[in-house]
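Please walk me through this protein structure.

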Amino acid sequence: PKDHELWYDQGACLHDAGRLLEAARCYERAIQLEPRDPQPYNNLGAIHLEFGSHRHAFTCFRKSLERDPYNEDAAMNAILIMK
């Protein structure tokens with residue numbers, strides 16, 4: 001599909017099912033199609049965090065916050081990394 005929301009939704013379903021690598025690929029595709037949407041960055045960051053890749057996770061959270069400074073989920077995730 002060429003609709004970024006479909007890729008995001010598929011990623012969210014896979015993420016919920018614990019299929020993290022597949023979910024990450026879906027979020028990355030959603031970002032390619034609509035780089036201004038903050039949510040795929042936040043969810044991709046959460047996957048990086050689950051894999052212990054804090055640097056990559058923080059980068060994703062930062063990109064999410066650049067697109068939406070009021071994104072509470074991304075802000076809280078970034079704060080968790082800094083602790």
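**Confidence and fold**

Helix α2 (residues 20–33) has the highest mean pLDDT among the elements of the protein, at 98. Helix α5 (residues 72–82) has the lowest, at 92. Here pLDDT is the predictor's confidence in each residue, from 0 to 100. The protein as a whole averages 96, and 99% of the residues score at least 70.

This is a predicted model, in which local features need pLDDT of at least 70, side-chain atom pairs count only at pLDDT 80 or more, and totals for chains, interfaces and linings use all residues. Residues are numbered from 1 along each chain as its sequence is written, and side-chain values use heavy atoms, with hydrogens and water left out.

The protein has 5 helices and 0 strands. Both are DSSP runs, numbered from the N terminus: helices are H or I with at least four residues, strands E with at least two. Along the sequence the pattern reads α-α-α-α-α.

Now the overall dimensions. The C-alpha trace spans about 40 × 25 × 15 Å along its principal axes. The radius of gyration is 12 Å, which agrees with the value near 12 Å for a compact globule of 83 residues. That radius is taken over C-alpha atoms, and the globule rule is 2.2 Å times the number of residues to the power 0.38.

What share of the 83 residues counts as buried? The share is 40%. Buried means under 20% relative accessible area (1.4 Å probe, protein chains only), exposed over 50%, and partly exposed in between.

Contacts come next (heavy atoms within 4.5 Å). Among those between residues at least 6 apart in sequence, 40% join residues at least 24 apart.
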